[in-house]
Amino acid sequence: MNKVSSHSDKQPASVVSRYRRYLRLQRNYSPNTLEAYMRDLDKLLQFLRQEQVEPVKATLDDLRHFAAALYDLGIGARSQCRILSGVRSFYHFLLTDGYIDSDPTELLESPQLGAHLPEVLSTEEVDKIEAVIDLSKWEGHRNRAIVEMLFSCGLRVSELVNLKLSDLYLQERFLRIMGKGSKERLVPMSPRVIEELRLWFKCRDDMDIKPGEEDYVFLNRRGAHLTRTMILIMVKKLGAEAGITKTISPHTFRHSFATALLEGGADLRAIQAMLGHESITTTEIYTHIDMASLRREIEEHHPRNIISDNNDTDE
């Protein structure tokens with residue numbers, strides 16, 4: 001009998017219960033620390049349930065997708081590190097307690113802490129990504145509409161996959177989003193987004209849609225709504241095909257949306273409202289991106305930085 005088979009009950013509830021007891025009795029964690037670990041673990045378990053993966057069968061790729069989902073949800077680097085540290089603790093427990101025979105977190109990387117500016121795509125790079133989409137395939141117009149909506153509306157990937165037909169107001173050119181904390185916001189839609197949606201809807205009308213999925217805007221080939229992981233894989237594949245060397249995710253398009261608005265002269269408060277940020281300080285990361293170009297402009301054009309020929313003469 002191998003090591004892994006020593007546990008007959010591998011049901012998630014039983015595993016989690018044993019892990020809680022391990023933290024309380026063997027690690028001697030305080031009630032507050034224990035609950036913090038369990039809350040973070042619950043994020044992983046919810047993700048794996050959505051992906052239909054049992055915790056004891058999760059692979060390194062599954063956990064990397066989870067880490068990418070944390071980023072896509074806008075969770076800060078420090079919080080990502082804390083959550084992933086808890087994930088490592090959980091899988092160390094599974095390994096030492098005989099549930100698994102290898103630890104999938106050994107090569108799982110955490111984000112670097114400290115100042116980090118997100119990757120940003122130019123409009124030309126977004127156009128390149130859209131240009132490589134094969135419109136002869138059934139999902140072509142769907143993928144074009146997804147990329148355009150991420151870039152033109154700045155949606156979180158979770159908001160995109162949960163978008164409903166009943167949230168779209170095409171005549172009025174805006175959509176309704178239920179964001180974090182069940183806070184509703186209205187986001188304008190560009191004519192380009194509306195055109196891409198109309199082309200996708202022509203394909204969508206011919207689909208066999210699963211019962212209960214009829215109101216979702218974006219569907220997979222089986223007629224069910226998409227998951228965050230599907231979107232992540234899609235944009236990474238399209239980026240590679242377009243020759244984009246930047247590390248991109250669905251969240252990259254959200255950053256690019258905000259940066260394009262800022263560089264176009266939009267007020268930071270307006271960007272905050274369209275992104276659905278609770279605090280203006282969350283939005284202010286985009287000012288750091290714009291400040292770099294502003295500094296170049298000052299260095300090149302401010303009179304204090306221009307050396308005149310007259311200044312070369314000795315007095």
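## Ile133 and its surroundings

In this predicted model, Ile133 touches Gly140, Asn143, Arg144, Val147 and Leu238, when residues up to four places away in sequence are not counted. Ile133 itself belongs to the loop between helix 5 (123-131) and helix 6, and with a relative accessible area of 7% it is buried, because a residue under 20% is placed in that class. The C-alpha atom of Ile133 is separated by 9.1 Å from that of Ala242, although the two residues are 109 residues apart along the chain.

## Helix 6 against helix 9

Two of the residues touched by Ile133, Asn143 and Val147, also take part in the contact between helix 6 and helix 9. Helix 6 covers residues 140-153 and helix 9 covers residues 228-241, and the two pack at an angle of about 90° with their axes 11 Å apart. Helix 6 is therefore roughly perpendicular to helix 9.

On the side of helix 6 the contact is made by Asn143, Ile146, Val147 and Leu150, while helix 9 brings Ile231, Met234, Val235 and Leu238. Sorted by type, the residues of this contact are seven nonpolar and one polar, with no charged residue.

## Helix 2 against helix 4

A second pair of helices can be described in the same terms, since two packed helices are described by the angle between their axes and the distance between the axes. The axes of helix 2 (residues 31-50) and helix 4 (residues 77-96) come within 9 Å and cross at roughly 80°, so that helix 2 and helix 4 are roughly perpendicular to each other.

From helix 2, the residues Tyr37, Asp40, Leu41, Lys43, Leu44 and Leu48 meet Arg82, Ile83, Gly86, Val87, Ser89, Phe90 and Tyr91 of helix 4. In this contact of helix 2 with helix 4, eight residues are nonpolar, two are polar and three are charged.

Asn28 lies in the loop between helix 1 (12-26) and helix 2, whereas Gln52 is found in the loop between helix 2 and helix 3 (60-72). Asn28 has a relative accessible area of 64% and is therefore exposed, and Gln52, at 74% relative accessibility, counts as exposed too.

## Three further positions

Is Ile271 buried or exposed? Ile271, which lies in helix 11 (residues 268-275), has 0% relative accessibility and so counts as buried.

Gly212, by contrast, is exposed, with a relative accessible area of 55%, and its place is in the loop between helix 8 (191-204) and helix 9. The C-alpha atoms of Gly212 and Ala224, which are 12 residues apart along the chain, are separated by 8.7 Å.

Ser166 sits in the loop between helix 7 (157-161) and strand 1 (168-169), and at 40% relative accessibility it counts as partly exposed. Leaving aside neighbours within four places in sequence, Ser166 is in contact with Arg176 and Asp215, and its C-alpha atom is separated by 9.0 Å from that of Val217, 51 residues apart from it along the chain.

The chain contains 13 helices and three strands, and buried residues make up 45% of its 315 residues. Among the contacts with a separation of 6 or more, 58% join residues 24 or more positions apart. The chain exposes about 17600 Å², of which carbon and sulfur atoms supply 49%.

The average pLDDT of the chain is 81, and 78% of the residues score at least 70. Over residues 1-6, however, pLDDT stays under 50, and the model has nine contacts beyond four places in sequence for this stretch. Over residues 308-315 pLDDT also stays under 50, and here the model has one such contact beyond four places in sequence. Where pLDDT is low, the predicted coordinates should not be read in detail.

Methods
Residues are numbered from 1 along each chain as its sequence is written. This is a predicted model: local features need pLDDT of at least 70, side-chain atom pairs count only at pLDDT 80 or more; totals for chains, interfaces and linings use all residues. Side-chain values use heavy atoms; hydrogens and water are left out. Axes are lines fitted to C-alpha atoms, for helices over the stretch in contact, and angles run from 0 to 180 degrees between N-to-C directions. Helices (H or I, at least four residues) and strands (E, at least two) are DSSP runs, numbered from the N terminus. Angles under 35 degrees count as roughly parallel, over 145 as roughly antiparallel, 65 to 115 as roughly perpendicular and the rest as oblique. Contact means heavy atoms within 4.5 Å. Ala, Val, Leu, Ile, Met, Phe, Trp, Tyr, Cys and Pro count as nonpolar, Asp, Glu, Lys and Arg as charged, and the others, Gly among them, as polar. pLDDT is the predictor's confidence in each residue, from 0 to 100. Buried means under 20% relative accessible area, exposed over 50%, partly exposed in between (1.4 Å probe, protein chains only). Accessible areas come from the Shrake-Rupley method with a 1.4 Å probe; for residues, only the protein chains shown count as cover.
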